[in-house]
Each structure stands twice: as structure tokens, then as C-alpha cells.
Amino acid sequence: MPRCLIIVGFPGSGKSYLGFQLCESSNFILLDDYNDPELKDLKRASELNLNVVITDPRMCIGATRIAAIKVLDKLGYEVEFIYFEPDLEACRANVLRRAKNGDTRPVNGFQQYLLNNYTIPPNSVVLEVYK
């Protein structure tokens with residue numbers, strides 16, 4: 001059974017950085033900020049029995065997380081989650097640093113929305129925001 005590791009956190013928390021690190025040192029492929037309603041890449045990876053890392057800040061919302069688990073179960077994945085703590089100030093500092101390097105993704109309103117909806121299930125793996 002292939003594994004799916006979902007990394008959850010605010011924009012600027014370090015999801016992509018951790019995802020790239022995990023994929024370099026293991027047999028996972030990365031679906032960074034994955035947002036494909038048709039799930040083409042995920043379905044193809046499942047058909048090939050590939051392990052995947054998905055980075056997705058929306059998975060901090062309970063209903064979104066539950067829906068994703070149902071889809072991943074149907075595709076035959078064993079699902080695991082890693083959460084970043086909801087440290088909004090540290091994430092904003094990281095986003096500002098990225099913007100200075102040319103990253104133009106708008107995230108401030110999205111961060112606030114996530115803050116109001118961020119839930120981490122009990123007994124979850126929780127990491128500090130990369131600084």
C-alpha cells in the first residue's frame with residue numbers, strides 16, 4: 001500500500017521546504033501546494049504505487065481533511081499528517097523574506113482565514129515553523 005504524507009501549515013511555515021527534504025531522502029514524490037480538483041497527478045501516482053508528499057495549508061480545516069482522507073483511502077493510500085504550529089507572526093516573516101526573493105503569491109488574507117479555522121487533531125505530529 002503506498003503512503004501519503006500530508007504536510008499542513010500556514011503559508012511560510014516550511015511545508016514546501018520539508019516536503020523537498022523528505023523527497024530527496026526517500027522514495028516519495030512531491031505534490032507541492034496541491035490543488036487539482038481532478039486529482040490527475042495523485043491518481044497516476046496511485047496507479048504506479050508511488051508514495052507521495054502533499055503540502056496543503058487547507059488540510060488544517062477539519063472538513064477538508066476528512067474529505068481528503070476519504071479520497072486517499074479510495075485510492076489505496078495509507079495517510080499520515082505532519083502539522084506546523086500555527087505561529088502566524090513567524091510565517092508572515094518567512095513570507096516577507098520569500099517576497100524579497102521574488103515570490104509573488106498573495107497569502108496574507110489566506111493566513112488570517114486559516115488562523116480562524118486551524119485545527120490540529122489530538123496526538124498529531126506538530127513541528128515548529130522554520131525560522
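**View 1. The lining of the largest pocket, by residue class and by position.** In this predicted model, the lining of the largest pocket is made up, by class, of 9 nonpolar, 6 polar and 8 charged residues. The pocket itself has a volume of about 430 Å³, and 23 residues line it, with Pro11, Gly12, Lys15, Arg98 and Arg105 lying nearest its centre. Two or more residues of this lining come from each of two elements, namely helix 1 (15-24) and helix 4 (88-100).

**View 2. The second largest pocket and the residues around its centre.** The volume of the second largest pocket is about 280 Å³, and among the 16 residues that line this pocket, Tyr34, Leu39, Arg58, Met59 and Ala68 are the closest to its centre. Helix 3, which spans residues 62-74, gives the most to this lining, contributing 5 residues. When the residues lining the second largest pocket are divided by class, 11 are nonpolar, 2 are polar and 3 are charged.

**View 3. A nonpolar patch on the surface.** Three residues, Ile29, Leu48 and Leu50, form a nonpolar patch on the surface of the model, and together they have about 220 Å² of accessible area. Of these residues, Ile29 belongs to strand 2, which covers residues 28-31.

Technical notes:
Residues are numbered from 1 along each chain as its sequence is written. This is a predicted model: local features need pLDDT of at least 70, side-chain atom pairs count only at pLDDT 80 or more; totals for chains, interfaces and linings use all residues. Side-chain values use heavy atoms; hydrogens and water are left out. On a 1 Å grid over the protein atoms alone, a cavity is a set of points where a 1.4 Å probe fits but cannot get out, and a pocket is an open set with protein on both sides within 12 Å along at least five of seven lines; lining residues have an atom within 4 Å of a point. Grid points are joined across faces, edges and corners, and a volume is the space filled by probe spheres set on the points. Helices (H or I, at least four residues) and strands (E, at least two) are DSSP runs, numbered from the N terminus. Ala, Val, Leu, Ile, Met, Phe, Trp, Tyr, Cys and Pro count as nonpolar, Asp, Glu, Lys and Arg as charged, and the others, Gly among them, as polar. Patches are made of residues with over 30% relative accessible area and no salt bridge: like charges are joined within 9 Å, nonpolar side chains (Val, Leu, Ile, Met, Phe, Trp, Tyr) within 5 Å. Accessible areas come from the Shrake-Rupley method with a 1.4 Å probe; for residues, only the protein chains shown count as cover. A salt bridge is a side-chain nitrogen of Lys or Arg within 4 Å of a carboxyl oxygen of Asp or Glu.
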